[in-house]
Amino acid sequence: MDRAELESFMDNLYEIGSVKFGEFYLSTGLKTPVYFDLRLIVSHPKVLQQAGRLIKQIIEHNKLNFEIICGVPYGAFAVATAVSIQTDKPMVFKRKEVKDYGCKKMVEGVYKAGDSCLLIEDVVVYGTSIIETSEALRLYDLNVTDAVTLLDRQQGGPENVKENNVNFFSVIKASDLLEHLVKRGKINQEKMDEIMDFLKTHSFQASKITTGNNEK
Ligand SMILES: O=c1ccn([C@@H]2O[C@H](COP(=O)(O)O)[C@@H](O)[C@H]2O)c(=O)[nH]1
């Protein structure tokens with residue numbers, strides 16, 4: 001990966017306020033001293049383009065083969081769109097629930113049974129959202145083999161995702177970003193150690209994450 005682009009991306013994440021220290025709660029109820037709010041990228045087109053370029057580099061470096069792209073709903077839709085534009089590959093999007101009016105579709109966009117689909121995520125904790133989305137897309141006959149996330153919090157996500165038959169790739173890990181912030185003098189080493197210790201202590205690896213996502 002282009003090191004200069006990667007470092008500039010990490011600088012930008014800090015500058016736009018995507019790295020938050022304090023007390024936050026995850027969807028699981030876990031209280032965390034750090035929150036990576038990569039949704040803010042949507043308000044910064046240059047950073048969004050950069051995210052698209054970095055994911056394209058992961059795709060090319062790992063020779064990932066896919067026909068369509070799908071963002072994990074809903075936070076990763078903008079990043080998935082940036083990747084679609086960068087790679088000139090079509091995109092679909094998956095709803096969280098089907099509407100009872102209009103076309104009543106769960107997966108919007110054009111695809112055919114057997115198409116291989118690359119999943120895009122913004123931040124991964126345990127990988128549950130990637131697993132849920134891949135299971136749902138498989139019910140619609142899409143072949144989900146790979147997922148790329150911008151940031152891996154190193155709490156067991158990669159292992160959980162791989163257990164569910166999806167190869168996992170990340171642009172950066174939490175440790176890359178925190179290390180970069182120490183280098184830039186934005187946080188001190190103790191802060192980084194304290195957060196990495198928290199993430200390690202609160203990691204979770206399941207042989208199989210159960211989502212209950214087995215019906216169309
Ligand atoms: O720092 C964080 C932590 C979580 N998120 C959001 O949570 C899910 C990922 O959690 P999984 O356990 O991997 O499903 C994803 O939607 C993230 O957007 C976050 O943004 N920042």
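Student: Which helices and strands each supply at least two residues of the lining of the largest pocket?

Tutor: Before we look, please keep in mind that this is a predicted model. The largest pocket has a volume of about 750 Å³, and among the 29 residues that line the pocket, the closest to its centre are Ser27, Arg39, Glu121, Val123 and Ser129. When the lining is sorted by helix and strand, the elements that each supply at least two residues are β2, β6 and α4.

Student: Which element gives the most to the lining of the largest pocket?

Tutor: By class, this lining has 13 nonpolar, eight polar and eight charged residues. Sorting the lining by element instead, we find a contribution of five residues at the top, and the element that gives the most is α4.

Student: How far from an oxygen atom of the ligand does a polar side-chain atom of Ser129 lie?

Tutor: Let us take the polar contacts in turn, remembering that such a pair of N or O atoms must be within 3.5 Å. A polar side-chain atom of Tyr35 is 3.2 Å from an oxygen atom of the ligand, while a backbone N or O atom of Phe36 is 2.8 Å from a nitrogen atom of the ligand. For Ser129, a polar side-chain atom and an oxygen atom of the ligand are separated by 2.5 Å.

Student: How much of the ligand's accessible area does the protein cover?

Tutor: On its own, the ligand has 460 Å² of accessible area, and the share of this that the protein covers is 88%.

Student: How much space lies in the largest cavity?

Tutor: A search of the whole structure finds one cavity of 30 Å³ or more. Its lining is made of Leu38, Arg39, Ile41, Val42, Gly75, Ala78, Val79 and Asp122, which by class are five nonpolar, one polar and two charged residues. The space in the largest cavity is about 40 Å³.

Note on methods
Residues are numbered from 1 along each chain as its sequence is written. This is a predicted model: local features need pLDDT of at least 70, side-chain atom pairs count only at pLDDT 80 or more; totals for chains, interfaces and linings use all residues. Side-chain values use heavy atoms; hydrogens and water are left out. A polar contact is a pair of N or O atoms within 3.5 Å; within protein, one must be able to donate a hydrogen and the other to accept it, and residues adjacent in sequence count only if both atoms are side-chain atoms. Accessible areas come from the Shrake-Rupley method with a 1.4 Å probe; for residues, only the protein chains shown count as cover. On a 1 Å grid over the protein atoms alone, a cavity is a set of points where a 1.4 Å probe fits but cannot get out, and a pocket is an open set with protein on both sides within 12 Å along at least five of seven lines; lining residues have an atom within 4 Å of a point. Grid points are joined across faces, edges and corners, and a volume is the space filled by probe spheres set on the points. Ala, Val, Leu, Ile, Met, Phe, Trp, Tyr, Cys and Pro count as nonpolar, Asp, Glu, Lys and Arg as charged, and the others, Gly among them, as polar. Helices (H or I, at least four residues) and strands (E, at least two) are DSSP runs, numbered from the N terminus.
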